[in-house]
Amino acid sequence: MTAPENTGNTENTGDAASKVTPSAVKTSSGSNTEKLEEGRRDSNAGKPEEGRGDGTEEIETSAGSYAEKAADAEDGRGACGRETASSTARVDAPVCIQLKDVGFSYDGRIKVLDHLNITIHSGEIVTFTGRTGAGKSTIFKLLLGLYEPQSGEVTICGRSAASIKDSERRRIFGYVEQTYRRVPGTVRDQIALFDPAIDDRMIEKAIETAHLSGAIHALPDGLDTVCQDGIFSQGQWQLLSIARAIAAQPPILLLDEITANLDADTEKLVLSALRSASRGRTVLSISHRLYEDMGGRQIVIRGKQDC
């Protein structure tokens, strides 16, 4: 199939998009997905109201900037990071995601992550913040199974993230990038990505949750309108990306800088859709703006210069 077209001009993580939103994925009903669904139902019952949670904790890590660590290696300096959390998780909610003593390096020499420990429970909203290059996107890539850690474990409901098959991944993760990747075809194809397991009922639910139902049904042929430049505004393209991410009803959402480069009115629209899409799900985001709006737990990844 033709690779999705990037309709924006900002940086994206193409490998992640192709893994999480393949053009055709098979239905998966494995135990991992079942456990995540169970955890989503359990955690949603006691999920706190929207807004920032109370209580903080600080955890020392070594997740500094890759470029910064390379410079540190030259002059013998160390690097450090810090995690600041405002926790809203239920104590009895099952563990959904765990990074245990994780170490990772792109070149085998300079570690981007070192002895990183993070536990996320079902139903939590967790935001990774910090400077560009501090390791936030690397964590997402490890969760998506695009890379394996050189040391430690990255698990999704007790299962190695790297062992999750491509055919299962869309049933577990909904991934929203900063820019929208268009595929040839209709509006329906943009959401279902040619996956026969995603029926019209699921599509309608996704576009309603993403606050895009009215705009789509106002098009000449509704969902069957051929997708092309000009049929949606910038904000509506981002809403379409949210609808695509949740169409397969995954219990986990990964949001990668999706409010970057948006004007105030568009950002308000996208944040409203995200609040709807996040209900009953475990949400991980890379965006300080999302933390301000949705609350939850904040993990600030800092390099040496920030310490």
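The following legends describe close-up views of a predicted model.

Local features are given where pLDDT is at least 70, side-chain atom pairs count only at pLDDT 80 or more, and totals for chains, interfaces and linings use all residues. Residues are numbered from 1 along each chain as its sequence is written, and side-chain values use heavy atoms, with hydrogens and water left out.

**View 1. The largest nonpolar core holds 40 residues.** A nonpolar core is a set of buried Ala, Val, Leu, Ile, Met, Phe, Trp, Tyr and Cys residues joined through side-chain atoms within 4.5 Å. Buried means under 20% relative accessible area, exposed means over 50%, and partly exposed lies in between (1.4 Å probe, protein chains only). Val187, Ile191, Ile216, Leu240, Ile242 and Leu274 touch the most other members. Two or more residues of this core come from each of helix 6 (187–192), helix 7 (200–209), helix 9 (234–246), strand 12 (252–256), helix 10 (264–278) and helix 11 (288–294). Helices (H or I, at least four residues) and strands (E, at least two) are DSSP runs, numbered from the N terminus. The greatest contribution to the core, seven residues, is that of helix 9.

**View 2. Leu240 is shown with its contacts.** Contact means heavy atoms within 4.5 Å. Leaving aside residues up to four places away in sequence, Leu240 touches Tyr180, Val187, Gln190, Ile191, Leu212, Ile216 and Phe232. A second, separate core consists of 32 residues, including Leu113, Leu144, Leu146 and Leu254.

**View 3. Salt bridges involve Glu177, Arg181, Arg182 and Asp229.** A salt bridge is a side-chain nitrogen of Lys or Arg within 4 Å of a carboxyl oxygen of Asp or Glu. The whole structure contains 10 salt bridges. In the bridge between Glu177 and Arg181, the closest N and O atoms are 2.9 Å apart, and both residues are buried. Arg182 forms a salt bridge with Asp229, with 2.8 Å between the closest N and O atoms. Arg182 belongs to strand 11 (residues 181–182) and Asp229 to the loop between helix 8 (213–217) and helix 9, so this pair ties together parts 47 residues apart in sequence. Arg182 counts as buried at 10% relative accessibility, whereas Asp229 counts as exposed at 61%.

**View 4. A salt bridge joins Arg275 and Asp293.** The N to O distance between these side chains is 2.6 Å. Arg275 lies in helix 10 and Asp293 in helix 11, so the bridge ties together parts that are 18 residues apart in sequence. Arg275 is partly exposed, with a relative accessible area of 23%, and Asp293 is partly exposed at 22% relative accessibility. Elsewhere, a network of salt bridges links Arg188, Asp200 and Asp224.

**View 5. Helix 4 (residues 136–143) is largely enclosed by the rest of the structure.** This description applies because six of the eight residues of helix 4 are buried. The buried residues are Lys136, Thr138, Ile139, Phe140, Leu142 and Leu143. Just after helix 4, Gly145 takes a positive phi of about 75 degrees.

**View 6. Phe128 lies in strand 7 (residues 125–129).** Phe128 is buried, with a relative accessible area of 1%. Not counting residues up to four places away in sequence, Phe128 touches Ile118, Lys136, Ile139, Phe140, Leu284, Ser285, Ile286, Ser287, Ile299 and Ile301. Phe128 and Gln298 are 170 residues apart in sequence, yet their C-alpha atoms are 6.1 Å apart in space.

**View 7. Phe104, Tyr106 and Tyr147 form a cluster through ring pairs.** Rings of Phe, Tyr and Trp (its six-membered ring) pair if their centres lie within 6.5 Å; planes under 30 degrees apart count as stacked, over 60 as edge-to-face and the rest as tilted. The structure holds six aromatic pairs. One of them, formed by Tyr106 and Tyr147, is edge-to-face, with 5.5 Å from centre to centre and 90 degrees between the planes. This pair links distant parts of the chain, 41 residues apart: Tyr106 lies in the loop between strand 5 (95–105) and strand 6 (111–121), and Tyr147 in the loop between helix 4 and strand 8 (151–156). Tyr106 is partly exposed at a relative accessible area of 35%, as is Tyr147 at 34%.

**View 8. Strand 5 and strand 6 run antiparallel.** Two strands pair if DSSP finds at least two bridges between them, and seven bridges join strand 5 to strand 6. Val95 has His121 in strand 6 as its bridge partner. The hairpin of these strands has five residues between them, and Gly108 takes a positive phi near 80 degrees there.
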